[in-house]
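Please keep the sequence and the coordinates at hand while reading.

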Amino acid sequence: MHTAYISHPDCLLHEMGACHPERPARLKAIEDELAASGLIAKLERHVAPLATVEQLERIHTPEYIASLDAKAPSNGMAYLDPDTAMNPHSLKAAYRAAGAVILATDLVIGKIVKNAFCGIRPPGHHAERDRAMGFCLFNNIAAGIAHAIQAHGLERVAVVDFDVHHGNGTEDIFRDDPRVMMVSTFQHPFYPYSGIAGRSERMINIPLATGSDGEKFRAAASEFWLPSLIKFKPQMLFISAGFDAHRDDDLASLNLQETDFAWVTERMKEIAHQYAQDRIVSALEGGYALPALGRSVAAHLKVLSDP
Ligand SMILES: [Zn+2]
């Protein structure tokens, strides 16, 4: 069985301004590296469908979804927060991004593919139940998790978030849901200044000091994530795969490298193999230094697609 790579051309049309770091070139850099490395031959490409309103209402309020529909511009830009905007294509891209993770969930649970990576934008992990923020409109990974639980009947699902920013939206959506465990690391103190107060038995959010390197990251994951995941025994793993903790990334100040992303992917494969029938769905979040982003996604996908 192959690893799926799920995307859609609509994800390239969403733009938030000429100088915005969350730009279409990110997806091009990833695809160029997958082609150059030859990894593309090991991936099964799928086209992302639009998520349905019913699927999105599992994780967002109907009022919030309607407000995005109402604000979507027919020309120019509509700002949702100082960093987050919609052009005329953004809303469709957001429905595709959430739809990609939902399709990935169906493909992996249906054993059509071994695991899946969604090369999508806008990203999702800052989107709360009723609020867009931090470049995110819909919480894509949350849409997949809710689909695994509500459409496929899974009872224990874990999400791993190694983006440099805390996934406040994912925490907001699942904080009170005993079926979901979240494990994450994030630079602290740093945007969005969350993740400390909400810590619980199922919200294993571990701050890393500015300048932390791969050794610190691996130590945090080994000490806090792995024992929690082993205790929880998730039936499926989701990954909020942000690569902005890379040392080349100017948006933040952690010092991870491709080898660290490969390492954490190996650990997640081991957990998924032991407890979750190898089921992993990963979705792109941050990562803004284009060459580093391409190499990091390739390192992540090489591990996912290895037999
Ligand atoms: Zn980020």
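The secondary structure of the protein chain amounts to nine helices and ten strands, where helices (H or I, at least four residues) and strands (E, at least two) are DSSP runs that are numbered from the N terminus. This is a predicted model, in which local features need pLDDT of at least 70 and side-chain atom pairs count only at pLDDT 80 or more, while totals for chains, interfaces and linings use all residues. Residues are numbered from 1 along each chain as its sequence is written, and side-chain values use heavy atoms, with hydrogens and water left out.

For the chain as a whole, the C-alpha trace spans about 50 × 40 × 40 Å along its principal axes. A compact globule of 307 residues would have a radius of gyration near 19 Å, and the 17 Å of the protein chain agrees with this; the radius is taken over C-alpha atoms, and the globule rule is 2.2 Å times the number of residues to the power 0.38. Buried residues make up 62% of the 307 residues, where buried means under 20% relative accessible area, exposed means over 50%, and partly exposed lies in between (1.4 Å probe, protein chains only). Among contacts (heavy atoms within 4.5 Å) between residues at least 6 apart in sequence, 75% join residues at least 24 apart.

Turning to the sheet, eight strands form an open arrangement in the order β2-β1-β5-β10-β9-β6-β7-β8, with parallel pairing; two strands count as paired if DSSP finds at least two bridges between them. Because β2 (43-47) and β8 (203-208) stand at the edges with a single partner strand each, one side of each is left without a neighbour in the sheet. Neighbouring strands are turned by 15 degrees against each other on average, direction ignored.

Helix α7 (residues 214-232) lies across β6 (157-161), β7, β8 and β9 (236-241), and runs at about 175 degrees to β7, whereas helix α8 (residues 258-275) touches β6, β9 and β10 (280-284), its direction making about 160 degrees with that of β9. For such angles, axes are lines fitted to C-alpha atoms, for helices over the stretch in contact, and the values run from 0 to 180 degrees between N-to-C directions.

Which backbone details deserve a look in the loops? The peptide bond from Arg121 to Pro122 is cis, with omega near 0 degrees, and Pro122 is placed in the loop between β5 (115-118) and α5 (140-150). The bond from His188 to Pro189 is also cis, with omega near 0 degrees, Pro189 being in the loop between β7 and β8. Lys111, in the loop between α4 (90-109) and β5, has a positive phi of about 55 degrees although it is not a glycine, and is partly exposed at a relative accessible area of 42%. Lys233, in the loop between α7 and β9, has a positive phi near 50 degrees and counts as partly exposed at 40% relative accessibility.

His8, finally, lies in the loop between β1 (3-7) and α1 (25-36) and is buried, with a relative accessible area of 13%. Leaving aside neighbours within four places in sequence, His8 is in contact with Val47, Ala48 and Arg96.
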